[in-house]
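Please keep the sequence and the structure in view while reading.

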Amino acid sequence: MRYSYSRTDRYRILTCPFCGREPEAPHTLKMNFGEAQGGRCECGAIYVYDETGRSLGDAFMDALALLFDQDYDAALSATEDDYEEETITFDRRLGRFVADSKQMSHASKYLFLRKKEKPA
Ligand SMILES: [Zn+2]
């Protein structure tokens with residue numbers, strides 16, 4: 001039996017949780033301190049790929065630094081009023097992306113961050 005294209009495709013392609021577009025494929029992002037795997041989206045979001053799902057704290061700091069153009073002072077003083085955060089999990093067993101990832105601590109994760117629009 002064949003499932004409809006849109007139904008399956010939606011979960012097989014990584015899409016930005018903020019705008020629904022396809023971001024850049026994950027690649028090595030050079031940073032002042034080491035490097036990270038991730039990419040950018042047209043809407044201004046950035047994401048960091050965490051293959052093991054075990055170092056999400058590190059991935060979060062990398063993502064935050066990238067979001068603020070490696071201005072670590074700005075990144076460290078940022079609060080949840082400054083950015084939005086979403087995590088997408090890739091379930092290897094099912095071979096698809098899932099939005100709710102809390103239970104699967106050892107699956108690959110894509111941590112997305114985007115700056116919030118500042119009120120004028
Ligand atoms: Zn986006």
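Residues 24 or more positions apart make up 50% of the protein's contacts with a separation of 6 or more, a contact being a pair of residues whose C-beta atoms, placed from the backbone, lie within 7 Å. The model is predicted: local features need pLDDT of at least 70, side-chain atom pairs count only at pLDDT 80 or more, and totals for chains, interfaces and linings use all residues. Residues are numbered from 1 along each chain as its sequence is written.

**Overall composition**

- The protein contains three helices and six strands; these are DSSP runs, helices being H or I with at least four residues and strands E with at least two, numbered from the N terminus.
- Along the sequence, these elements follow the order α-β-β-β-α-α-β-β-β.
- Of the 120 residues, 28% count as buried, a term for residues with 20 or more other C-beta atoms within 10 Å of their own, where C-beta atoms are placed from the backbone.

- Strands S1 (residues 27–30) and S2 (residues 35–40) run antiparallel and are joined by four bridges; two strands pair if DSSP finds at least two bridges between them.
- The hairpin of S1 and S2 has four residues between the strands, and Gly-34 takes a positive phi near 75° there.
- S2 also pairs with strand S3 (residues 46–50), in the antiparallel sense and over three bridges.
- In the hairpin of S2 and S3, five residues lie between the strands, and Gly-44 has a positive phi near 105°.
- Gly-38 in S2 stands opposite His-27, and Gly-38 also stands opposite Val-48 in S3.

**Asp-62 in helix H2**

- Asp-62 belongs to helix H2, which spans residues 56–67.
- Asp-62 counts as buried because it has 27 C-beta neighbours inside 10 Å.
- Beyond its neighbours within four places in sequence, Asp-62 is in contact with Met-31, Ala-36 and Val-48.
- Asp-62 and Gly-38 are 24 residues apart in sequence, and their C-alpha atoms are 9.6 Å apart in space.

Note on methods: A residue is buried if 20 or more other C-beta atoms lie within 10 Å of its own, exposed if 12 or fewer, and partly exposed in between; C-beta atoms are placed from the backbone. Two residues are in contact if their C-beta atoms, placed from the backbone, lie within 7 Å.
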